[in-house]
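Student: Could you take me through the surroundings of the ligand in this model? I would like one connected look at that part.

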Amino acid sequence: MPRAWSLKSRPHGMPRGSDFALVEIDSAPLGEGEVRIANRWLSVDPYMRGRMNDVKSYVPPFALGEPMQGGAIGEVVESRAASVPVGTKVQHMLGWRDEAVVPGDQVQKLPDLGVPDEAFLGQFGMPGMTAYFGLLEVADAKAEDIVFVSAAAGAVGSTVVQIAKAKGMTVIGSAGGADKCAWVKSLGADAVVDYKAGDVVRALAEAAPKGIDVYFDNVGGDHLDAALLAARMDARFAICGMIDIYNDGKPQSLKYLAKVIGARIAIKGFIVSDYMARAAEFYRDMGGWLAEGKLQREETVHDGLDAMPDAFLGLFTGGNTGKMLVRV
Ligand code: NDP
């Protein structure tokens, strides 16, 4: 019997293992146009924490007791969709399970970029696209800019660092701990801030003595304060995520918000799905940088469907370098 994770109870604060249940699901016969997919790789992403709350947002909450969803990559093992024959490798959104039945028109065949399948859940997938459009479109970052990016050793952040370097920008990345900071430096960052080693406001002021033109925010909290204080005239902030508050919902301090007035700072939030129709631009440029040897990638892999909650929770304790994945 196929199995899937469901949400048993809505977490308050950091989720616990007991909030999740691994249940057997029906292996229903295929309807016309459907495909059966054996999932090989499953994604865990910070935004899934928001879906565990019963609140209206840009994606609906997970229903209690129902299989959860998320990015997944697998192989078609049975097909009633002529355009998606058995053996096709596809990406789809019925993750958190080992087998999925999906309408053939709701799966995407993996582009032929010469990278391993799992990369399409990370640098060559949704997180990479977030980095690309967030940096180049939302923040309108240019070669002469000094860019600060938080969670720089994660899936999105590590890609921001490398795209910014490929475009000739100066980059400062923050991450938790010496090992992660060393990795961010190895990706080409000009300076790094270990936010766990001391006050991030002071550390950024030291790392960016001339200030910053762009802030790519993955964290919120003190990082956003630090970026506001360091911002130069006409700085642009792409607000991508605020993982610092996903579990406790604590209010943002925004001690230096008044800086936006004098420095004419533009602050813009975005959701990557706004840019999906422009995926071809992302694949074109990423394929080019890959061929030029300008992109490195790392994945932190947990093995087995049973590991999903642990992998997910690891996102909030810095358990991943690069993209966090589960191999089924
Ligand atoms: P990551 O791979 O970056 O994993 C999360 C990382 O965040 C952890 O490894 C940890 O790294 C860091 N972190 C966790 N808690 C804190 C904290 N309290 N303070 C500082 N750092 C913390 O995840 P993603 O790359 O997938 O996502 C990064 C951000 O982008 C998230 O906020 C996510 O919600 C957002 N996002 C937004 C999208 C959009 O469309 N707007 C789309 C995709 C992602 P460390 O060890 O360095 O602390």
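Tutor: Happy to! A word on classes comes before the count: Ala, Val, Leu, Ile, Met, Phe, Trp, Tyr, Cys and Pro are taken as nonpolar, Asp, Glu, Lys and Arg as charged, and the others, including Gly, as polar. Please keep in mind that this is a predicted model. Sorted in that way, the shell around the ligand holds 17 nonpolar, eight polar and two charged residues. The ligand is surrounded by 27 residues, and the closest are Val156, Lys180, Tyr195, Val272 and Asn320.

Now for the individual polar atoms. Val272, already named among the closest residues, places a polar backbone atom 2.7 Å from an oxygen atom of the ligand. The side chain of Tyr246 has an N or O atom 2.8 Å from an oxygen atom of the ligand.

Let's turn to the helices of the shell. Both α2 and α3 (155-166) supply at least two residues each to the shell around the ligand. Helix α2 (residues 126-138) also meets helix α8 (residues 279-291): their axes come within 10 Å and cross at roughly 100 degrees. Angles of 65 to 115 degrees count as roughly perpendicular, so α2 and α8 are roughly perpendicular to each other. On the α2 side, the contact is made by Gly128, Met129, Tyr132, Phe133 and Leu136. On the α8 side, the residues are Ala279, Glu281, Phe282, Tyr283, Arg284, Asp285 and Trp289. By class, the residues of this contact between α2 and α8 comprise eight nonpolar, one polar and three charged.

To put the picture together, α2 supplies residues to the shell around the ligand and is also in contact with α8.

Note on methods. Residues are numbered from 1 along each chain as its sequence is written. This is a predicted model: local features need pLDDT of at least 70, side-chain atom pairs count only at pLDDT 80 or more; totals for chains, interfaces and linings use all residues. Side-chain values use heavy atoms; hydrogens and water are left out. Axes are lines fitted to C-alpha atoms, for helices over the stretch in contact, and angles run from 0 to 180 degrees between N-to-C directions. Helices (H or I, at least four residues) and strands (E, at least two) are DSSP runs, numbered from the N terminus. Angles under 35 degrees count as roughly parallel, over 145 as roughly antiparallel, 65 to 115 as roughly perpendicular and the rest as oblique. Contact means heavy atoms within 4.5 Å. A residue is near a molecule or strand if one of its heavy atoms lies within 4 Å of it. A polar contact is a pair of N or O atoms within 3.5 Å; within protein, one must be able to donate a hydrogen and the other to accept it, and residues adjacent in sequence count only if both atoms are side-chain atoms.
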